[in-house]
Amino acid sequence: MFQIGGLIVFCGLLAQTTALLEALPLPLDQTLPLDLTPALAQTPTDLAGSLTSALSNGLLSEGLLGTLQNLPLLDILKIGESTSAGLIGGLLGKVTSAIPLLNNIIDVQITNPQLLELGLVQSPDGHRLYVTIPLGLVLNVKTPLVGSLLKLAVRLNITAEILAVRDEQEKIHLVLGDCTHSPGSLEISLLNGFGSLPIQSLVDSLLEILNKVLPELVQGKVCPLVNEVLGHLDFTLVHDIVNKLIHGLEFVIKV
């Protein structure tokens with residue numbers, strides 16, 4: 001009987017001691033278990049960053065760099081061939097009629113295609129997004145006149161408008177609105193080959209024609225890829241962005 005009573009008293013003291021210890025504050029070097037930390041909601045900055053990252057990765061997966069590297073510039077620069085028909089051919093016919101040096105081009109290779117960091121802005125009403133897609137490449141132009149390659153560095157921005165629209169089944173999607181080259185964003189610089197008057201004349205002629213045809217050519221190749229990528233974005237990401245755009249809520253942080 002005495003042993004049983006002593007055990008009861010000991011258990012009571014042990015329970016009181018445990019309760020007191022649990023009430024004490026944790027030492028500075030002790031942390032709470034991870035599962036006790038509340039999950040944080042995605043911040044606007046995270047949402048915008050997730051979108052630009054998804055678009056960038058999607059464009060690369062859709063073969064953007066290969067598309068840039070295979071632009072048919074040589075066909076366009078060879079005047080009089082069937083591949084230069086249509087709007088671009090009409091422009092070339094007018095521009096190059098007085099530029100016989102362009103007919104001496106025997107090869108154009110595109111190297112080092114690049115997709116640089118995407119930019120993202122939101123319209124003042126909060127219902128639209130504008131994605132800036134900066135592209136870069138190097139043109140290697142070979143002519144008998146020069147005897148070696150002329151290297152031209154090219155930079156061009158494509159701007160894509162993204163909208164949230166409701167279809168006939170009342171489902172809301174992200175779709176591509178206007179998609180065009182950004183006015184004034186084309187930059188072409190000579191990397192080497194600058195020298196004699198004939199070479200400079202050729203470079204000037206190339207710059208003139210590239211400024212007229214390259215933006216439209218790149219735009220026509222890149223914009224369909226953007227449209228394709230929008231159709232394959234993560235469902236949760238699309239849902240969160242659509243919710244912001246429909247209600248005109250700002251989530252692209254201006255810096």
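Predicted model: local features only at pLDDT ≥ 70, side-chain atom pairs only at ≥ 80, totals over all residues.
Local features need pLDDT of at least 70 and side-chain atom pairs pLDDT 80 or more, whereas totals for chains, interfaces and linings use all residues. Residues are numbered from 1 along each chain, and side-chain values use heavy atoms, without hydrogens and water.

| Salt bridge | Closest N and O atoms |
|---|---|
| D125 and R128 | 3.5 Å |

E161 lies in strand β4 and R128 in strand β3 (residues 128–142), so the pair ties together parts 33 residues apart in sequence; strands are DSSP runs of E, at least two residues, and helices runs of H or I, at least four, numbered from the N terminus. E161 is buried at 10% relative accessible area, while R128 is partly exposed at 32% (buried is under 20%, exposed over 50%, partly exposed in between; 1.4 Å probe, protein chains only).

The largest pocket is lined by 17 residues, with I172, H173, L174, V238 and V242 nearest its centre. A pocket is an open set of points on a 1 Å grid over the protein atoms alone, where a 1.4 Å probe fits, with protein on both sides within 12 Å along at least five of seven lines; lining residues have an atom within 4 Å of a point. Helix α7 gives the most to this lining, with six residues.

Note on methods:
Salt bridge = Lys/Arg side-chain N within 4 Å of Asp/Glu carboxyl O.
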